[in-house]
Each structure stands twice: as structure tokens, then as C-alpha cells.
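Thanks for sending this one over. Here are a few friendly notes to read alongside the coordinates.

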Amino acid sequence: MARDADLIVIGAGPAGAAAALAACRSGLSVVLLDEAAAPGGQVYRAPPPGLSVAPERQGADERLGDALRDQVAASAVMWRGGARVWSISDAFRVDAVMASGNESFTAPRLVAATGAHERLVPFPGWTMPGVIGLAAATILLKSQGMVPGRRTVVAGCGPLLAAVAAKIVAGGGIVAAVVDLAGPGDWLKALPRMASRPDLLRQGLGWALKLGAARVPVLFRHTVTSVSGEEGCEAVTVAPVDAEGRLTGGRSRVFEADALAIGHGLVPGSEIPKLLRAAHRYAPEAGGWAPERDAFGRCSVAGLYAVGDGAAVAGAEPARLSGHLAGLAVAHDAGRLTPAAFEREAASVQAERDRMLVFAGAINRLMRARPAMVEALAPETVICRCEDVRRGEIEAAIAAGAREINQLKHFTRCGMGPCQGRMCGETAATLLARHVGSREAVGYWTGRPPLRPVPLADLLGQFDYADIPVPTPAPL
Amino acid sequence: MTALRIADGFQRGAAVTFEVDGSPVRAHRGETLAAALMAAGIVRLRHSPRDGVARGAYCFMGVCQECVVRVDGVLRQSCQVGVEDGLRIELRGSV
Amino acid sequence: MSAPYDLAIVGGGIHGATVALFCARAGMRTVLFERGSLCREASGVNAGTLTMQMTRVALIPYALQAHAMWASAREWLGHDVGVVVCDGLSLAFTQREAELLSFRAGKRREAGAPIELISAQAAHAVEPGLGEGVLLAGHCKVDGYANAYLTGQAYRAALIEAGVDLREQTPVSGVDREDGGFAVQIASGPVRSKRIVLAGGVWLEEMAAWLGIDLPIKVLVNQLAVTERVAPVMRTVVGIASGLLSLKQYPHGTVVIGGGWQGRGNRARGGAEIVPESLVGNMRLACHAIPALRSARLARAWAGLEAETRDALPAAGPIPGIPDAYICGSVHSGYTSGPYIARLLAQRILGQQPADPLFPIDRLLAPPAAETTPSAAEGRATDEQPQHV
């Protein structure tokens, strides 16, 4: 088959853009696809056309994002934004719905750089309008210029807590409370390793000072136990927990709030390697099931590379460096970079990435999955939002013999809805793992196209009945 | 309810008007439909299939599928659609 | 050493599970081996259609019996698989399709399927969701669908209640003949049984080879697609004259689109890849039939493997030359007809006269030169030129 490019990169965040740029510099023809209108991914997301952000509101992420976009624009990388990739097949053919309809791209090499999504352990009321993800809150604050509510509780774990709360305060909003699963001791323990990134540490301290000045209550070692309201968030109840997120029985508190921004860490969005049947391993330190890779992102499927938080959660800058390494590896594997040049160029990038992974390790520890929180869920708590599947139904299916995650899906419809199991998968797998012994035994959702639901109107376009290539009828 | 739009530091795009279940809603070019609906106080976008309880946008990044509405007749994620003059939005209701 | 089991079954799809169920209920000590979980291959990932209008003519009498079994699954299986009995339509949009439809509906009606040809207007009354351009429709009141993904759960409970020794996640590496029966080789060692049934779907070829039988099995890779839940857009099962569409909306709102468009895959890898043009073509056909579907979103596509013998008729009966060894599979539209054909085999194993003839594999083991005899070959030839009929 005639090939469109030497390399297709899916995802134009820091990892994908760096991979595309590095491969392109070696003379490879590169197609870079992303569903967003401009490169940047989630963290370096570009402000949408029409909205401009005053310089005083711009931080390091905005500057790095602009630099990334300038680099892509100045390069020979063929950038295709607004591409909703829905099918990947045939080593490698990528089909994407664009504004113009479905388009196919082919290349012998593919870099998957699709980023992470948030983990959220359910609680009563978590499905109510007004409850949003921490990452959602950053999108609203940074690229929509909005605060999530008039009074917001910010809860969960990791550095996004302070980032989101500080940005709400800076935007003139009210933060009712910051509710952190970690305790001061956990943060203190992380500090020495966080010092390996003075830039980020300084940023974090800035957020903390901002919250202190605004007298925002910060509750350490607490979790949200419920959200209540008529048809949306009105009040958030929190209670103290131990290091694993178990309720200690201590006094609970109620905060009036019309919004709750909450997240319990990040999970690699490894849908493309899963779709292509690459080998995976359960890697809690990477956020969950992650594709098996060598140091340069090469997967078990020939020609497939996985980089960034979609392969192992580590943050934006390590993602950029892992993308850079994979781009070099692609160039080497395609014969455009001599082994010596590859080693020379890769060595310095690797050293920098390894240094940054120290910080990432500390953060991942703060954002780690806490299975005890899942085990404590009440039977009536909804686990699968798309299909309204409750914990009790999942337990009943396990009692009826469900032993791995896809079988559980068949028994309950958990994970069968349009989010394709991204919202419920971690919780359902944790529940099943209690019975079958390990997350490895539970497995993961089988990768299927489309990567995200796609409107048939866009995918099918206009057509004549006579042009449908109907195959030969089956025998009578 | 423009209370959620941050006043300082953001230069917003031109005003646009779209229709939600027949009523006009104003927003600014550059806003996603999901954010514009939230800013307009419209947070209940659909009802869940079995329990019939209200749901709203959760992830704002294309993952959760909670913000799906009917845009000019077609089901779409409102967080992935930019506002435009004249869009006709129907909230999904329970299916 | 006497065998601890009267019957060992290799393969836990509908065929194997149904044979196990009826034999165990009749008192046989039965063990069933499945390398994964019950009904997670073709029996669990098919479109769930229970239709006469896509069934091969030779299988219509079986499909009618099987349809009745599905409709009463609660009684004989004891568990729900979400069966809905409804009208079915097979559509013709072109003159050629109308001729094909008339020919095929006629043959199926002769075989006992209550199919009537109706006008476009009458078809719209049966299915208000239909789009424009219908010239003619086949209408069958014996139609419907099940929730295929519930099959495993239902059979699992039924088999356990029937006392079947159910061994899921237990791959079988071979079957050896020995005095008084067979030794089924699993990781923990041999398990002995007086009788054996091979019911391994597309893997029947390898299984038959364990007993020295050369039974070629072709692998079809059938693509399927499902939308997210949408408000009602249709109320019947809709197909087209060529059989290349099966379309229905489940009570919970999802619409399943199938029809046997081919993806890529094989026995070793499974239904590994969908072919985008094929999927798009299949879905265009669906939206042509039911235009309101265009407002929905595709939520998931997948491919399942279907086994086909040389004459596309089932392999269901005793294995020639090997007493007490049986085979069951390769049933076209096997989800519809499988339970009945497997029950017939159970009757044979239990020493009863099957209520309808089985499909012994002797015909498939003969040299290919003998291919002129099966009626299927004639059916195919005439079928592709309906204008000459």
C-alpha cells in the first residue's frame, strides 16, 4: 500500500509533539494528529480562538505551550488538528473523522501519545451535576476563563489540588475548602524528591501561599464522603481518613458549595496499544495497566511506540522527553539516524528524563490508587455512570461467576456505555481483584474501535445507496 | 449567570446566541458549549438511563460522555463543540 | 480404570453448553472444558439475531424449532437472555434486490418459514422507522433477538444447577483414545470420560485433528457495531435481501448493526481488526434503512469468528469410525439454530432418536471431488443468478 508518511503520531501534547519533531528533524515525513484545534494537549492546551489571555495570567504552562506550537508550526511536521481518530488497523492505517469527513493515513510506524485520564473513586452523589474532575477545573480556569462554581470544594490528591484552588482564588472565586487525602507528613516525605524540580516546587509553594492568604481551609487526611443537593451539588460532606483512605470514624464536616472539583490521580490512556494488542503489564507506579516498552517507548508490536502519560503517568516534562526519545528511536529504526548518533542524542535526553522521574515518582506516590477506598463503597453506590451499575450488582455478578473484567462487563453492562469503561474501569477492576486475587488476573477492557464514540453523521457523510460496496450474498 | 466567567485577564470573543430547548443562551466565541451551558446555569444536561437522575458535564475533556447533548439534531459531546450563533441544542433527556 | 465421567465436552459455546445441559439433566456425569469463560467467543459476541430471513434454507426447520426454544428460554434454560420476539423485515431497495428477495423468500417459505412479501407501504406500517426507497419487503413474524452477551451468564447458572462439572479457564491440549473412552489432556493431567463431544467453533479443525480427523473449517470474521443508547428509532429486526444487514434496537436503546461484513482475523489472533470501509459500508446500509440512526454515535465495533464447513452446513453428529465421539458446530446463523441442533445431538448421545436429522460429517471427510452431491452447491449457483429463475 502506498504510504502517506514515515510516521503517524497520535496526540499532540508534549510527548507526541516532541516525538513528531525529533523524527521530523531526521528527515522523516511525519503526520501529527490530535482532536484539538491546536497542539498542546491538556497541560499545554492552547486558548481557543476568540479567547485571549492577558500576559499576567500566563504561567509556565502557557509559555511552554506557545513554544511547542511555534516549534510544530516552524517544522515540516504535517499537523492535522480536529482529527477524531476512531480506527487503527493494518500496521498502520489510521482513520480519523475530520471536518471534511473520514480520512485515512498510513505509515509503517506509529507513536501513541494520547495522555492520561483521571481516576475517581465514587462516593454517594458523585454523579451529580456540579461534581467535576480536577483536570476539568484546570481546563475551565485556564482555557475558558471560568471558575467551576460560586463556591467550590477542591478535593482528592496530588499537586492539582493546590493548583486548582489557587487559580479559583486568583480568578475571584471562592474555595470553600481544600480536602487532601494526603497528610502534611506525606507532603514532607515527598519534599526532598520534589526538590529535584525547583521550578515546580516554587510554583507549588506559590499556590500554597495564595491559599493561606485567602484563608482557605485546608483539610489534610480527609476525603469527600458524600455530595447532596436537589438535582446538583449543594453541600459536600468530608471526613478524616488514614493513609490508605479508610475513614477513621472522626468528625465529619459539611461545606456548602455548588461545585466540587475532585480527582484521585491519573490512569494511562493506553487505548491505542490495547487496540493493537500490544503486551501490557499492571504497573501501579505508572498509574495502572501500561504498555510494556523499552527505554525508548518501543512496544511489543513492531513499529508501535507509546510515550507520555498515556504509557506511564509522569507529568508534562517527562512526557516531552519520553516523546523526544521515541522520536529518535523512530528515526534510528527507520535507518535515518546512525546507531552512534542515536546513542549520542538519546543519552542527554535520557539523563534529563531520569532526573525528572525522581519528582514524578514523589507525585505519583501522592496520587496513587488507594484500593481501601473502593473496598469501603456501599452496595448502592453507582460505579458505572453510563449504565447506572451499582456496586451491589457488580458483587452479584462476581458471585455468579464473573472472573475477569470483560466477563464482568457482559454480566452487568458495567463499562459498556459510551465512556467505554474509562470512568468505571479502575473501580470495577479493584472490586473484582478482591475476589480473584490480583489486578493481573482481572485484566483490562479489550481495546475496540472507535477510540471514542463518533457521530454516525460525521463518519458516514453523504452517500448514494448504489455506491455502498455490499459484499456477495451468503449462500441460500 | 455570568458569575462564573472570570472578569479580569481574559479577552472574550464576540457574543453569540444559541438556542437550548427553544430558549436563547448567550455566550462568547471561543467557549465550548459545555462551559457556556455551565456559565449560563444549565448544569443538568441529561438524565441517567436507568435511575433517571440528573447528570452534568464531568471531565470537560472528551472522556466521560456525560455532557452529550443534541446539537442541530446530532448527539455530540458539548465539551468538544465550540459555541456558534444559531446552534440548536436539545438536552437529551433519559433514553 | 473406569472413566469418572460419562461425557466430556470440549468447548463452552452454545453448542457445547447445550449438549452438556441436556445430557447432565438426563443423568450423565458430564464435564465441560472451556479455555476461557463460557460463551465468550461466537456465542457471546454475535449480533443476537433470531431470524429466519438470514437462515440457510436447509436449516429453516431447525431454526423454527430453535426460535421457539429461545422464546421459552426461561422454561428450559431457566435464565433470561433478554429474548425479544418481534416482526422481522428483509428489504429490497433495487430491482435486483427485489428479485433476490422474491427468490429467497420463496425458498425459505417452502422450507416452512412464514415469510410474506409485502409492499413498501405495508413495510412502513410494520416499521415506521424505515427510510424511503423500499421496493419490496419480506415480512416474517417469527423473528427477534437475544442479548448475546448474557448467554454465558445464563448457561453458566443452568449448567451448575444441572450438576455439570464446569471447568472454565481450562484449555485442553489434546484428546487421546483409550480403552473404554477418552483421555482429555489438561494442564493438571488427563481427565477420563466414556464419551467426548468436540464443540470448539472455529477451532474444531484442530480438535478433530486430535482424533486423526481432517475436517477443514473456514473462518469468517464477522464485524459488528453498536451505538450508544438512543431514543427509539425502530421496533423490528431489519435486514436486506442479500442478508448483508442485521439491525435492531434493544430495549435499553442501543442499536446493533451487523450482517456479516468481513473484518480481519484468524483462529490464532481472534477477530483482531475491523476493516474501516467495511464498517462504514455496513453502517451506511443501516442508516439507509433507518435514517434516524444518523443522529446516533458509534460506541463500539468488534469482530467475532464464525466457523463454516465446505458446504456451509453444520458439522453435528457422530465422528465416523470413532465410537462415542461426537462433533457439534459450524452451524450457519448458529446463534439462532444452535440450541436446537445441540439438543438433537444430546438426544443421539442419550440413545434416543433425534427429532430431526443430524448433520454427520462423513460428507465433509470425502475427497473434494464429491462436492457435486450436496444440495448447498446447487443452491448457491442458482441463488447468485436469480434473474434466471
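Which residue in E16(C) is the bridge partner of Val454(A)?

1. That partner is Leu298(C), in E16(C). Please keep in mind that this is a predicted model.

2. The pairing around Val454(A) crosses from one chain to the other: strand E24 of chain A, residues 454-455, is joined to E16(C) by two bridges. The two strands run antiparallel.

3. Now to the wider contact between the chains. Chain C contributes 49 residues and chain A contributes 35 residues. On the side of chain C that touches chain A, several elements supply at least two residues each, among them strand E16 (297-308), helix H5 (95-110), helix H7 (151-161) and helix H12 (375-383). Strand E15 (270-273) and helix H9 (276-289) belong to that group as well. H9(C) gives the most, with nine residues.

4. Turning to chain A as a whole, you will find 15 helices and 24 strands. Its radius of gyration is 23 Å, close to the 23 Å given by the globule rule for 476 residues, so chain A is as compact as a globular protein of that length. The C-alpha trace spans about 65 × 65 × 45 Å along its principal axes.

5. Of the contacts in chain A between residues at least 6 apart in sequence, 69% join residues at least 24 apart.

Methods:
Residues numbered from 1 in each chain as written. Chains lettered and ligands numbered in written order. Predicted model: local features only at pLDDT ≥ 70, side-chain atom pairs only at ≥ 80, totals over all residues. Helix = DSSP H or I, 4+ residues; strand = E, 2+ residues; numbered from the N terminus. Rg over C-alpha atoms; globule rule 2.2 N^0.38 Å. Contact = placed C-beta atoms within 7 Å. Pairing = 2+ DSSP bridges.
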